[in-house]
Amino acid sequence: MNDISEKRRRPVSGRARIPLDGFGFILPSLILFAAVFAVPIGYVVMFSFQTDEGASLDGYRWILDSNLFGRVLWTSVQIALLATLVSVILGYLLALFLYRLSPRKRAVGLAFVLFPFWTSILVKSYSLTVLLGREGVVNSTLGWFLGYNPELPLIFNRIGVLIGMSNHLVPFVVFPVLANLLAQDRNLGQAAAIMGASPFTIFRRVTLPLSTPAILAATLMCLIISFGFFVTPALLGGRTDVMLANLIDLFTRETLNWTVASAIAVVLLTASIVLVLALSRLTGQQKAV
Amino acid sequence: MTETLASPPRWAMDHTHPSGRDAPAQPIRNTMAETAPILRMEGLTKLYGAVTALDNVSLDVARGEFVTLLGPSGSGKTTLLNIVSGAIFPTSGALWLDGRDITWVEARRRGIGMVFQNFALMPHLSIFENIAFPLRVRKVANAEVKERVMEALELIRLPGVAARKPKQLSGGQQQRVAIARALVYRPPVILMDEPLGALDRKLRHQMQFEIKRIHDDLGLSMIYVTHDQEEALTMSDRVCLMGAGRIQDIGAPQRIYSSPATEFSADFFGGTNIFRATVSRGPDGTTLHHEVFGPVLGPGAGPQSGEVGWMVRPEQLRFLPPGEGADNELAGVVRDITLSGQLTHYAVAVSDGLEFTVACLTNHATRGPFEGDQVRIGWSRQATAILKPTEQ
Amino acid sequence: MGKRSSPSRRGIAEWLFLLLIGGIYVFLTLPSVLTIPISLGGSRSVTFPPTEFSLDLYRRFFASPVWTGSLVESLIVGAATAVLATLIGAFAAYGLARGNFIGQKLIGAILLSPILVPSIVIALGVYFYFSQMKLIGTTTGLVLAHSILTIPYVIVVLLSGLRQLDQKIETAAGIMGASPLRVFTHVVVPQLRYSLASAFLFAFLISFDETVISWFIAGTHATTLPVVMYGSLKVEVAPEIAAAATMLSLTSITIILCYAIFQKQEKSAA
């Protein structure tokens with residue numbers, strides 16, 4: 001295969017030559033993806049435009065008319081935004097803490113972030129059901145302090161979902177923000193201090209503005225993931241906490257209305273694509289800087 | 001002891017070496033009576049576990065003085081600068097700024113200015129806001145901020161760049177902005193940490209001139225750190241040569257170069273023609289008794305006895321034509337000739353494997369000695385420099 | 001003379017911050033480790049703190065064919081997925097990193113896209129497609145679906161590993177007459193062994209933990225541990241869940257430890 005530096009080489013002979021170096025290496029994955037990724041997604045799109053009678057827009061028409069869909073969409077947006085907000089705040093604080101540590105301690109601190117990151121969301125959701133129930137750990141501990149069990153409703157409602165989602169999302173914020181903070185020129189903080197700035201001023205006028213691209217990237221990342229949440233709202237949420245993914249599940253397995261399920265999936269996919277494009281443009285801009 | 005005056009300008013103490021010698025002229029002021037130093041460092045020591053980064057360093061910087069901390073990496077110069085700036089605190093010792101003890105004061109309360117090698121400009125702020133940063137921290141009114149920033153821009157001769165961002169400027173321009181930023185709040189002392197290290201050679205020469213001009217115009221006190229001896233000699237009022245965490249030699253550029261006080265110093269500025277001998281002192285001056293060369297006449301002032309190092313600068317040696325004599329003469333054979341631009345270096349083998357390097361202005365008519373010629377080299381006794389051995 | 005000690009007193013704000021950070025860490029890690037003590041608490045009451053110490057839950061877990069079967073299936077699917085994904089992903093990563101072909105950027109984006117596509121969409125599509133292909137409830141189907149999900153991670157890990165290599169070695173091999181395939185197998189892969197091992201582990205872990213897609217395409221004969229767990233959690237809280245959850249957690253811990261060890265080996269080998 002050619003050296004990367006020769007990438008833009010012009011053809012020597014008069015004939016145009018389509019570059020194909022290394023294509024054989026990606027061919028197996030392309031075939032697999034075509035079969036098990038592209039085709040299935042194609043099915044989803046196709047089914048969204050099809051009912052038992054044939055091609056139709058009934059699926060989308062239903063979506064537009066449906067109260068249920070409207071509610072679920074609004075719920076999804078709300079939950080996604082709220083969970084993202086909480087996660088970004090908590091994650092940023094954690095990243096700040098890690099950034100100020102010595103490299104050794106930072107590795108340990110990161111290990112404790114990586115561990116929940118790699119733990120199955122099912123396990124985490126299950127643990128939260130034990131933690132957040134009326135007789136769960138949180139309420140029991142509070143009961144121990146207060147003398148009576150306050151029986152805070154922390155599960156099977158919005159709060160439970162938000163707790164579950166933030167718990168999963170925080171590591172996704174920590175990594176990009178920490179990377180940004182570590183990449184910042186250390187001399188900037190020192191120069192600002194010598195010029196008389198207090199630690200808080202340094203944070204406000206130097207560190208925070210410079211970390212804005214990372215915050216934006218983390219936010220987009222969280223939103224993308226939030227829209228796809230399935231397990232957490234199912235296990236920790238109540239009847240008013242149904243998100244788009246759960247709705248799709250409902251229509252596929254219980255109502256057996258594949259048309260509507262597909263239509264909802266297409267909406268979800270489109271939203272994700274838009275967010276992903278925004279994210280790639282943002283990170284692309286960052287690289288140019 | 002009195003020292004004769006040569007060229008005027010303003011500055012203060014010359015820490016003459018205890019062994020004393022006829023140093024080329026430097027003006028002296030009675031510092032104790034007239035002006036107190038702007039910065040006093042006493043006994044500064046910094047230990048990192050078993051490593052001694054700084055060993056009992058004391059130094060005074062006079063008002064308006066340009067002092068350079070010169071030395072190889074690991075010499076302690078950056079550590080010393082960091083202690084002055086407040087980035088680190090000493091293990092022992094003290095530091096006074098304008099009479100105020102700032103040894104344990106945090107960096108932001110010292111009111112010092114600093115310029116970094118990589119500029120450290122805020123990439124997200126405009127040039128105007130970059131320079132205005134210390135003023136905004138001090139809550140200066142907008143109108144005054146504008147006035148002082150524009151003034152600073154005029155000083156660095158970049159009035160038009162206020163609205164741009166740092167990355168739109170060249171390296172040299174960014175460094176000038178960094179200097180303007182350090183000046184705008186009129187600190188009593190400005191520190192510079194190898195500010196020209198990131199610039200290419202030609203730009204560096206221009207910038208040396210710029211920095212010197214700003215220094216002279218404003219009468220600032222500056223501490224400049226560099227490993228580049230040429231830079232140090234060109235710009236400074238006083239050069240403080242550091243090595244192994246100590247001050248090895250300190251003095252005006254001319255003195256420190258032609259009459260280095262220690263072997264370290266001699267070696268740093270091009271260590272050739274360095275030898276050892278026992279010294280004795282007579283009514284005429286010192287004599288160095290070298291085991292191979294015999295008696296070598298030294299300068300008037302010097303130690304009475306003992307083992308010392310001594311040297312002669314290559315450019316102070318000359319080839320003696322027949323019939324001509326000098327205080328010190330030695331016969332030898334030209335072993336090697338190296339042309340390096342303006343100077344030509346001759347390696348002259350004297351005896352017993354010992355060599356002298358003689359530097360002459362390149363002789364285009366090539367009248368000068370050739371390889372293999374028998375020659376006599378000579379130098380005046382004033383050109384012999386007695387060196388204190390490097391403390392270990 | 002100034003103070004003898006350096007000014008490093010921590011203000012109240014600093015301690016409050018540390019307290020907050022501690023709280024965040026507890027919030028973050030507690031749900032990941034809680035199942036371990038729960039699962040050791042015996043089957044009488046599934047609570048925390050456990051009232052007794054017993055391996056009863058594990059006994060019940062391994063006595064149940066449904067649970068045990070799903071565990072075995074998860075292990076098989078995980079291993080097969082890891083092998084397939086690492087193999088295909090390694091070739092793909094090399095092609096993307098060193099190749100020069102039409103549509104390279106686009107293909108790279110496509111191969112990495114499953115990370116960002118909501119898994120429910122993939123689940124639905126695979127469900128429709130596998131229904132037609134009679135792959136529902138088969139191990140093959142699970143392996144294929146999981147591979148799609150894990151290949152992007154494999155590619156990311158290997159691309160990063162490839163970036164560290166000295167390309168001149170590959171160029172030299174080519175000059176000496178080796179075909180691209182030979183360069184890959186004999187020159188690149190040996191240098192990438194730690195990245196490959198890490199990628200393999202990650203692929204296994206992701207497949208082992210995967211819930212959504214498996215939920216849609218699992219069947220009575222081929223079902224994974226997470227699917228049984230999820231189904232159980234929705235219907236009734238079977239106490240064996242704690243044991244299952246712990247096994248999932250322990251798998252994560254083990255793999256992270258292995259990865260950390262590999263990182264160290266790689267650093268000392270470099």
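Two residues are taken to be in contact if their C-beta atoms, placed from the backbone, lie within 7 Å. The structure is a predicted model, in which local features need pLDDT of at least 70 and side-chain atom pairs count only at pLDDT 80 or more, whereas totals for chains, interfaces and linings use all residues. Residues are numbered from 1 along each chain as its sequence is written, and chains are lettered from A and ligands numbered from 1 in the order in which they are written.

For the complex, the predictor gives an ipTM of 0.84 and a pTM of 0.79. In terms of pLDDT, the predictor's confidence in each residue on a scale from 0 to 100, chain C has a mean of 86, with 92% of its residues at 70 or more. Residues 1-7 of chain C stay under 50, and the model has nine contacts beyond four places in sequence for this segment.

Between chains C and A, 64 residues of chain C are in contact with 65 residues of chain A. Helix α6 (residues 119-133) of chain C supplies the largest share of the chain C side, ten residues; helices (H or I, at least four residues) and strands (E, at least two) are DSSP runs, numbered from the N terminus. By composition, this side of chain C comprises 47 nonpolar, 14 polar and three charged residues, where Ala, Val, Leu, Ile, Met, Phe, Trp, Tyr, Cys and Pro count as nonpolar, Asp, Glu, Lys and Arg as charged, and the others, Gly among them, as polar. Strand β1 (residues 20-21) of chain A also pairs with strand β1 (residues 100-101) of chain C, in the antiparallel sense and over two bridges; pairing requires that DSSP finds at least two bridges between the strands. Within this pairing, Leu20(A) has Phe101(C) as its bridge partner in β1(C).

Between chains B and A, 15 residues of chain B are in contact with 16 residues of chain A. Helix α2 (residues 127-137) of chain B contributes three residues, the largest share of the chain B side. That side divides into ten nonpolar, three polar and two charged residues.

Asn56(B) lies in strand β2 (residues 51-61), while Arg186(B) is placed in the loop between α4 (171-183) and β7 (189-193). A residue is buried if 20 or more other C-beta atoms lie within 10 Å of its own, exposed if 12 or fewer, and partly exposed in between. Asn56(B) counts as partly exposed because it has 14 C-beta neighbours inside 10 Å, and Arg186(B) counts as partly exposed because it has 13.
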